[in-house]
Every structure is written in structure tokens, then in C-alpha cells.
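Please open the model in your viewer and keep the selection tool handy. We will go from strand pairing to the packing inside.

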Amino acid sequence: MLDKLKHLTKMKSFHICMLIVIITIILFVVGVLVLRYSVEGETNMPFELSKITIISSQEGIDDGQTDTKWSFDVHQANDIYLYIDKNNAYNKTEVIKSVNIDNFNIEANNKDNIKLYKPDAQEEKVIFKYKDEDIVQSLEYVGDTESDLKNLKVANQGGIIAFRCSNNNVTKYKSDEEEINHSELLKKANIDNESLKIKLSFNLTIKLESGKEYQAEVNIELPTGNVVENGNTSTEITDLKDIVFKRIRN
């Protein structure tokens, strides 16, 4: 019996079979690791997306017509704030070079009316204005000593970035009333909340001074809550398990 085993192990076909088995095991292990990474992504990043805050509102913008006391183009705005925090469990020192938002995809009934705005650099009292020069297709917040939304800066040890997704010219509203409550314009114009629905996705990329880059796709639905009935609504999203960051550069 022992002689047969020795003879078998010396056969070329045996070595080929063993090689195939070893390669199969290696490919299986690699496949499991790749699948796990595609699902879980990076599990110990130096910086993490900790929270998304969405503030939905409505506003009437004077359209310049004078046949009534008030004449507005009614916009429905969604201000989106992304919180990037340092991961205290990460045992190395890293510095944020920039945080980028791009590759926007929008699904909505009136897609052509939906615009993306950066914070306005000139206005002191509000963060966003409906200025054509503030419309963007992508955003880059540069790392600095502290966050500064107006000047597109993010603290290099973690900070806040923001942009606006606005459903412009949802409707027109005219009135000769003495006073107008902007939070009721959509309701008075008989707009239903379902017609305002937007599915927004974008890539969020955290770039470090060390050269590492991490990227995730973020998907959110707008507006938050029933903005037609409530006028202004907000929500904080802290369950971010579906947002998976992967390293795209070492």
C-alpha cells in the first residue's frame, strides 16, 4: 500500500491535480476577500462620514411682474450638510487634502429645473443664494486649519461641507394679499409632495496629503418629510451603513 502511494505521488498527473487544488483554494480565498471588500469597504479609515443633515424649505423669488402685488417663482430647496470626522481608532496621523463631490445623478419629474449650488461667497446672512454663478456640477473643499463653507474650506482634521440641491420654478404664485408666508407657497399653489420627489446620488471622495484617496457613492431622497404641509423640514441621517468607502488610490 505504501509503495502504491509513493508511486502515485511521483506521477505527473498527481502533481498537476495538486496544483489545480491549490490554485482553486487561492482563487476561492481571494474571491471571498474581494466580495467582503465590495460589501464592507474600508473598515478603518482615518476619516469617516459621520452624519448627513438635510434641511428642506421653500421660497418665492420675485419674478419682476407687476400685475399683482406679489408675483413669485417658487423654488423648493434642499440644503445638504456632510460631516467628516476623524476616526480616533485609526493609529496614524493623516491630514485631509481635499473633499470632493462629483458625478451627480438626478432622478426627478422636472430634472431640467433642478440645480446644484455651492455656498455663496458674498452673502453674509445666508449660506446659499439663487445666483447663476453659484451653480456647480462638482465641488471641491480644500483642507485648511478650520472649516469655512463660504470659501469652500474643510478643517484638515475633520469638518463640515455643504451644497444645495434646488428644485427651481416648481410653480408660479401671484397674490394681492397684504402679507405672504413663504412657507405656505407650495400648499397655496396646490403642489403635492410626491411631485417634488428627487433621487440624488453623487460620489464623495476624501483625499489625504499622504496620497491616499477614499471614495463612496451617496444616495439620498429629497425633500425630507412633508415640506408642502410643514413649510420647512429637516432630518439627520446617522445610519450610514449603506455608504461604503473604498480606497481608490494608495
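Start by selecting β9, residues 213-222, together with β11: these two strands run antiparallel to each other and pair over three bridges. Strands here are DSSP E runs of at least two residues, numbered from the N terminus, and two strands count as paired if DSSP finds at least two bridges between them. For one of the contacts, pick Q215, whose bridge partner in β11 is K246.

A word on the model: it is predicted, with local features needing pLDDT of at least 70 and side-chain atom pairs pLDDT 80 or more, while totals for chains, interfaces and linings use all residues. Numbering runs from 1 along each chain as its sequence is written, and side-chain values use heavy atoms, leaving out hydrogens and water.

Now widen the selection to the open, mixed sheet of six strands, ordered β6-β5-β3-β8-β9-β11. β6 (153-155) and β11 (246-249) have a single partner strand each, so one side of each lacks a neighbour in the sheet.

Next, select I80, L200 and L204, the residues with the most contacts inside the largest nonpolar core, which has 42 residues. Such a core is a set of buried Ala, Val, Leu, Ile, Met, Phe, Trp, Tyr and Cys residues joined through side-chain atoms within 4.5 Å, buried being under 20% relative accessible area with a 1.4 Å probe, protein chains only. β8 gives this core its largest share, six residues.

Finally, centre on L200: leaving aside residues up to four places away in sequence, L200 touches residues including I80, F104, F163 and V218, where contact means heavy atoms within 4.5 Å.

Definitions and conventions:
Helices (H or I, at least four residues) and strands (E, at least two) are DSSP runs, numbered from the N terminus. Buried means under 20% relative accessible area, exposed over 50%, partly exposed in between (1.4 Å probe, protein chains only).
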